[in-house]
4 protein chains.
Amino acid sequence: MNTLLRHRILPWRRPSRAFSTTACLRTVLPLVTLPPRITPTYAQRPHQNSLLSLQWPSPPRNILLTKKKRTPEITASLIEYANHLHSTYPSTNLILEPSAASEIHSSLPFPIYSYPEGEGPGQLTEKTDLICTLGGDGTILRASSLFSHASSVPPILSFAMGTIGFLGEWKFREYKRAFREVYMSGIGDAYGHINTFSTPTLPPGDHDSAIRGKSLGSHRTVRVLLRNRLRVSITDSSGRPLMDSPSISGDTYALNEVIVHRASSPHLKIIDVYVGGRFLTEAVADGMIISSPTGSTAYSLSSGGSIVHPLVPSLLLTPICPRSLSFRPLVLPANMPITLRLGEKNRGREAEVSIDGKRVSEGIGVGMEVRVVGEEVRTQGGKWEGGVPSIVRGTVGGREEGLGDEEDHWVGGLNALLKFNYPFGDQDNSSS
Amino acid sequence: MNTLLRHRILPWRRPSRAFSTTACLRTVLPLVTLPPRITPTYAQRPHQNSLLSLQWPSPPRNILLTKKKRTPEITASLIEYANHLHSTYPSTNLILEPSAASEIHSSLPFPIYSYPEGEGPGQLTEKTDLICTLGGDGTILRASSLFSHASSVPPILSFAMGTIGFLGEWKFREYKRAFREVYMSGIGDAYGHINTFSTPTLPPGDHDSAIRGKSLGSHRTVRVLLRNRLRVSITDSSGRPLMDSPSISGDTYALNEVIVHRASSPHLKIIDVYVGGRFLTEAVADGMIISSPTGSTAYSLSSGGSIVHPLVPSLLLTPICPRSLSFRPLVLPANMPITLRLGEKNRGREAEVSIDGKRVSEGIGVGMEVRVVGEEVRTQGGKWEGGVPSIVRGTVGGREEGLGDEEDHWVGGLNALLKFNYPFGDQDNSSS
Amino acid sequence: MNTLLRHRILPWRRPSRAFSTTACLRTVLPLVTLPPRITPTYAQRPHQNSLLSLQWPSPPRNILLTKKKRTPEITASLIEYANHLHSTYPSTNLILEPSAASEIHSSLPFPIYSYPEGEGPGQLTEKTDLICTLGGDGTILRASSLFSHASSVPPILSFAMGTIGFLGEWKFREYKRAFREVYMSGIGDAYGHINTFSTPTLPPGDHDSAIRGKSLGSHRTVRVLLRNRLRVSITDSSGRPLMDSPSISGDTYALNEVIVHRASSPHLKIIDVYVGGRFLTEAVADGMIISSPTGSTAYSLSSGGSIVHPLVPSLLLTPICPRSLSFRPLVLPANMPITLRLGEKNRGREAEVSIDGKRVSEGIGVGMEVRVVGEEVRTQGGKWEGGVPSIVRGTVGGREEGLGDEEDHWVGGLNALLKFNYPFGDQDNSSS
Amino acid sequence: MNTLLRHRILPWRRPSRAFSTTACLRTVLPLVTLPPRITPTYAQRPHQNSLLSLQWPSPPRNILLTKKKRTPEITASLIEYANHLHSTYPSTNLILEPSAASEIHSSLPFPIYSYPEGEGPGQLTEKTDLICTLGGDGTILRASSLFSHASSVPPILSFAMGTIGFLGEWKFREYKRAFREVYMSGIGDAYGHINTFSTPTLPPGDHDSAIRGKSLGSHRTVRVLLRNRLRVSITDSSGRPLMDSPSISGDTYALNEVIVHRASSPHLKIIDVYVGGRFLTEAVADGMIISSPTGSTAYSLSSGGSIVHPLVPSLLLTPICPRSLSFRPLVLPANMPITLRLGEKNRGREAEVSIDGKRVSEGIGVGMEVRVVGEEVRTQGGKWEGGVPSIVRGTVGGREEGLGDEEDHWVGGLNALLKFNYPFGDQDNSSS
Ligand SMILES: NC(=O)C1=CN([C@@H]2O[C@H](COP(=O)(O)OP(=O)(O)OC[C@H]3O[C@@H](n4cnc5c(N)ncnc54)[C@H](O)[C@@H]3O)[C@@H](O)[C@H]2O)C=CC1
Ligand SMILES: NC(=O)C1=CN([C@@H]2O[C@H](COP(=O)(O)OP(=O)(O)OC[C@H]3O[C@@H](n4cnc5c(N)ncnc54)[C@H](O)[C@@H]3O)[C@@H](O)[C@H]2O)C=CC1
Ligand SMILES: NC(=O)C1=CN([C@@H]2O[C@H](COP(=O)(O)OP(=O)(O)OC[C@H]3O[C@@H](n4cnc5c(N)ncnc54)[C@H](O)[C@@H]3O)[C@@H](O)[C@H]2O)C=CC1
Ligand SMILES: NC(=O)C1=CN([C@@H]2O[C@H](COP(=O)(O)OP(=O)(O)OC[C@H]3O[C@@H](n4cnc5c(N)ncnc54)[C@H](O)[C@@H]3O)[C@@H](O)[C@H]2O)C=CC1
């Protein structure tokens, strides 16, 4: 991380409005000036072994907002949302991606934070307390990719905008309640009484005192689904890492999947597959998918894979158009490493690698390998680490919730979005 | 065909109402008293190579009505329909299956025709000009099974009632127009001018002169899809036929499919499959389906078969839960005979055979065979014979119709009923 | 458990040979006379999180032998095996199922143990230290079903005999080495030096000292795969248990799967599916499978399910011939309860339930439910309980074994038995 | 077709050996100097409705030889084959593709024929009597592509070389017999007695008089499978053709399939599908395949399509990784036109089109369409036209052959090459 950013007005922002009286408010500030990151804990809930409780040691301050690109309505929603956060929770600082910062900072009457294009990952990891996404699944995947080299990802509050997706949990019209619940989550537990820090930040203009009251109870927490990622490394034939950005030595994490594909080559690829260090099979196919359970409803599904619940600790190995009648998708333990190797039979032709729908800049050639293992999610004293903490929508009322209640969102998504087991028949058409 | 039926009141009907003044009207008459069958021709339409034109030499008289059982609403609709036919087309005679005849004859102010339980097939083949079904696909299958030993099936006009199906073409509320169009179909072509016989039978009470006018033109014909059936024979290990009814020596026809299945035996069946007289493979599975293209959207579809358009002259060979990773469904030429043989490895255990969802009374044992070949549909001088002539719904206006227009019903069925390629996403739920 | 068995010659055995001098040797003794069961522990191996180490507190004594029925070669092998055990490990007692006991006891020059038909389960659970199966997968399933009401199953050493299966691990020709390794497993660890009890029982006639030496080291243990079962209960519409044997109140365990099926009814079944207590979907199908990962290569595979590694804690929900284009198999967390309910729409028709390929005697009617949850496998102080402990074949040499090495058997089974991703092409036929 | 070729030594061949005495033999001659093409007829055989009989009006003279590239063994085989043809059938003229001509002409002691790179199609159509391919399926596809703008393709005799394929029929070691049978096919029928022209060309060195005698009978014909192709046109949004080679205005024929694919774009493509001129569905997928029955065992199979026998007159519509649970492959009548249209929702992104595994040079953009209809195969007086006449391997003995016998090659290919329904189990490994 360089230290180019010395001025309050970043060099990559045009200082055109610097003379206006609100100039100081409409600037884009560098991330270094933000307070350090606040990391929440995730507690297992009594009698529950699935969703976790988000618990802030103190309320989140640095909020990263990401949005779908090139969609004016969503940009407008982002501005509305940012204004709400700033006025209701004055102690929060809003971080935007460079392009969004450039696009909307002048529409906001307060300063925002950003970073130079290409330098996000390192800085964001050190500062971001909470991520809010406005868009579809692609936006969540992009937000997650900003933390693709970080072992600890901030919780994600995702709003589905028009393009309904499978990962997005909340409807945008719920944004006030949603943010408040996340903001307050678990702080009563940690501090005994909530007033110490929450009073000044309580939404003043919110007259819906019923809901407000509800979310003030000391045991109110939002529920979090820790989505396990894949740890991916790409190496050349001598085992040396070869990943996107040469500056980053470590591994990359994928939320959905990693893919090796023939791409624009019209010929079948020949990929050797190893599981647990042992040769499994030679795949002759368009490509291979290694997917997380989260990704089981994405590309893997289109390629014939099963739907795997996100809480099953597993990896999916799904071929794309295999030249074999008997290549059935496999579901393997999350801790069993899988390696895809481009064998000599490919006669020098390269294959493309994509992570979460984004092409890795370099293709892989003969002898190169893609190695994947499920992200290790650790428990220490009933607290969890690792994964992508996705804030799940659902009633957070006072009644004791059963397991079934929790799974609402996933089952609902299967039925409403994927049209899982959609019944036959002509519903709309009465016949006599 | 015996000649037991000498009285107007059949012996299998209780003569309870014989004393009432309307007795003669409410009786059930035997089929022998009906005039002989009128067989239409099916002409290829110019520039069309798919649907055919129904052409009556003279208007149909003997109309077989079948209905779904145990559904009071449909019984009521049947009575309404019967009354309409009797009053509008006084020269028609209505035939009902024994159970329906017994159920409704006393509600009708005119005599109807029926036959003793179990003697239908032979008599019906000799007398039925046109079949009308009120129900779902099961009702059409049952109607077709009444002609399962006949090589020539009368045209079928099918009304979908409540339980929407894939084979049913017409909505019941269209019944007046539908019947009129079928009734008049092609008679102008055959006789030069329609008046010779149609005037007295024209619907007197029908004031919808626009539609009426339309259907009087000399080139108005309804379109017919000839659904090819399967010719099925079941033989014992020495090749002797062994079919349901021992009295019937010939083959049986299936509209959807013939199935060999383990049924209540919990063990896999081992079935040798021959195509074109040559051993293809040994299927170890729950069972095997041999399906017509019509049946490709029925059981075969549930077992993973492709959807085959009814106009592709083919047979489908689809395994049910095969114990092999590489048993992919096959589509074979309609004229290639397929044999399923229960091999010795089954160790004496029987398998069940079903035709169009109806179990064949005897199971098949080791060495027995099910032989299937596509029904031969012949063309002679541009006229077609064979198959189940299904009257297709669609505009029969004066404009030149393209091929696309004709396929309407099938494409529509795929989309509306099977939810073919139903799009993802939450249509009913706006998100912001 | 009754006390009918008072005589050395059981009432259900014909005492025909009682007068011969070897009568006392050739008798069948009741299980009550056996010493109490020895229960091994299963330790997690360092750096391994998959297979476990079998550790006997003292060598096993009561050995249950099961075999495939009606296969003379296997009966001969059983006799050979029994003789070997008796002569080499004189302190072992051999238990046979009633039919096998009756069949072979007169061929053995020493007494064996058995129990009255139908009373096995309770008695076996109290006495059996180790199970050895000679047969195919069906034999292992049957052996496991003898413990289908027990929460603790003895370890299973399975020999594949002719009919190669997927669950059978060992080849029969290895039986001497295999048994010795199992017999000795972990006793050095527990007792410091092995001699205390093993010397007298060491195979005297075994001259293969190399192998013998190998298996004597103090850290030699056989590896065990704990196969999680399904806990199944069947209840009537008021929630009262309704299971096979009315005398047994508790649940039943399945190793492969539980199935609800239309069986000999030719009509589709309509089954309501609940996961985690919440309605998921209405399945219209031939039936539904709830499978363990072990069963993922059995019926579920034939029905289109994915192959799930036995170490993935999960349940598979796989439809059989569903009448929907969009019913994809699901993989759910092992601790998420699944309920199948026969809804009112079935109009009184029953469905059949099978567990591991064996029909439950009563069918289920409208309103009845099949409830399934994954068996809980507990860890206490690094030791495991629950599941079916299957002794895995593989080198147990002194070298440090990697994870990959351990998975050998499963990967090998996929490739050799299931012909997973079997390559295209005509291997046997050179072309020029 | 231009007239660049004025010299016996083509300008694109280096005349390096022109001075040698054998120069005139080792030259490459232009196609214009060849005698005109001889077109065989294909007669339906009595009692057969599937394979046809090849009948030459006079023996073939101009033989096109194609081979797999960059495979020295195959080049050697080609030289052997060419020498055999020249010496045994001195009246034949051998045509090679430019690259092969350049590679081997100096190894042959007689002149061969070729054409300038890029000018093949037109000239070949006018001159080629018979095609012989040495290679795998790719070589057959390439040979067929040389006639991809011709409505009449010469018969193809294909030798599988090492890389066994599904389309290749003959083994190379059979080449002498194979060629002789093809060469003589049907000439007795046409000319009454064979001697008029065949005597001088009979293989003098062939001492296998038994076989020789066999093939001389007057009714010996080789059997031909007419493989229907797809007629493909690609148009821009205003309906103007846009195909590969701008000079060729007409349609292109595909033997396997035409594909629209996302290729190197990581995003789903949105493709509108029309059948019979009517909108069927919007496919959101990696791509779409429209395949012939011949191609049903190629890419379509890998994408989940059914296997369709080459004699079923049909088109397959198979999606590649569709983003829908309910997109099942369709089999449509061969004469029903299918259109794939790249809709506006693709936001300007292009898709790639491939025909038989070869990319069409230009991608297609928004509004462009790929239109496909099955090639029309006409019958006139019992003779057939159209399709790719593939010479089928099989005994052509004197006995009456049944239908089954004929299908040998296809059924055999399914079993041997595709490992169709390959049985489970460990064949190579005895177990006890
Ligand atoms: N043939 C296919 O199914 C393809 C799928 N993809 C998927 O797209 C993802 C990238 O997404 P975009 O950038 O938006 O690309 P995109 O614009 O191509 O759309 C991908 C679609 O997948 C959905 N999706 C993404 N993740 C999902 C999940 N976990 N569960 C259910 N649906 C999910 C999105 O909502 C969207 O409808 C990749 O990670 C890959 O999984 C990418 C290429 C082809
Ligand atoms: N698992 C499955 O999919 C099973 C399917 N069947 C099918 O049911 C047929 C018998 O019908 P029913 O007596 O009504 O039995 P049923 O009451 O079991 O219903 C069968 C269902 O299949 C539909 N169907 C029938 N023929 C069809 C066709 N050609 N295309 C599309 N859908 C079709 C019907 O509308 C109904 O929804 C059999 O011929 C067989 O094809 C029968 C048993 C199991
Ligand atoms: N269509 C199908 O695939 C059917 C499968 N089955 C399966 O058969 C099992 C009962 O076995 P049997 O009594 O021997 O019946 P069976 O004689 O019908 O044979 C079942 C076959 O499944 C194999 N098998 C059993 N368990 C397996 C596993 N876990 N992984 C891989 N292969 C396995 C056996 O080796 C045998 O080849 C049931 O639990 C069920 O899973 C039962 C009926 C139909
Ligand atoms: N994922 C897949 O299955 C892919 C398949 N292809 C197929 O490859 C064909 C082009 O062949 P090549 O140039 O050799 O490419 P290639 O080198 O990629 O090999 C294609 C494979 O398909 C086989 N094949 C070709 N036509 C066949 C047929 N009709 N039936 C059975 N197998 C067949 C060939 O023997 C070869 O094994 C295309 O027409 C397409 O069908 C092309 C790309 C991907």
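Guide: In this predicted model, residues are in contact when they have heavy atoms within 4.5 Å of each other.

Visitor: How many residues of chain A are then in contact with chain D?
Guide: By that cut-off, 23 residues of chain A are in contact with 23 residues of chain D.

Visitor: What makes up the area buried between chain A and chain D?
Guide: That area is about 1,900 Å², and carbon and sulfur atoms give 51% of it. On the side of chain A, the residues A:Ser302, A:Arg323 and A:Leu325 supply 28% of what the chain buries against chain D, more than any other three residues. Helix H9 (299–302) and strand E17 (314–322) of chain A each supply at least two residues of the side that touches chain D, and the residues of that side divide into 11 nonpolar, six polar and six charged.

Visitor: How many salt bridges does the rule find across the interface of chain A and chain D?
Guide: The rule asks for a side-chain nitrogen of Lys or Arg within 4 Å of a carboxyl oxygen of Asp or Glu, and across this interface it finds zero salt bridges. Polar contacts have their own cut-off, a pair of N or O atoms within 3.5 Å, and between chain A and chain D the count is 12 residue pairs, both residues at pLDDT 80 or more.

Technical notes: Residues numbered from 1 in each chain as written. Chains lettered and ligands numbered in written order. Predicted model: local features only at pLDDT ≥ 70, side-chain atom pairs only at ≥ 80, totals over all residues. Heavy atoms only, no water. Buried area = accessible area lost by both parts, 1.4 Å probe. Polar contact = N/O pair within 3.5 Å; in protein donor to acceptor, adjacent residues only side chain to side chain. Helix = DSSP H or I, 4+ residues; strand = E, 2+ residues; numbered from the N terminus. Nonpolar A, V, L, I, M, F, W, Y, C, P; charged D, E, K, R; others polar.
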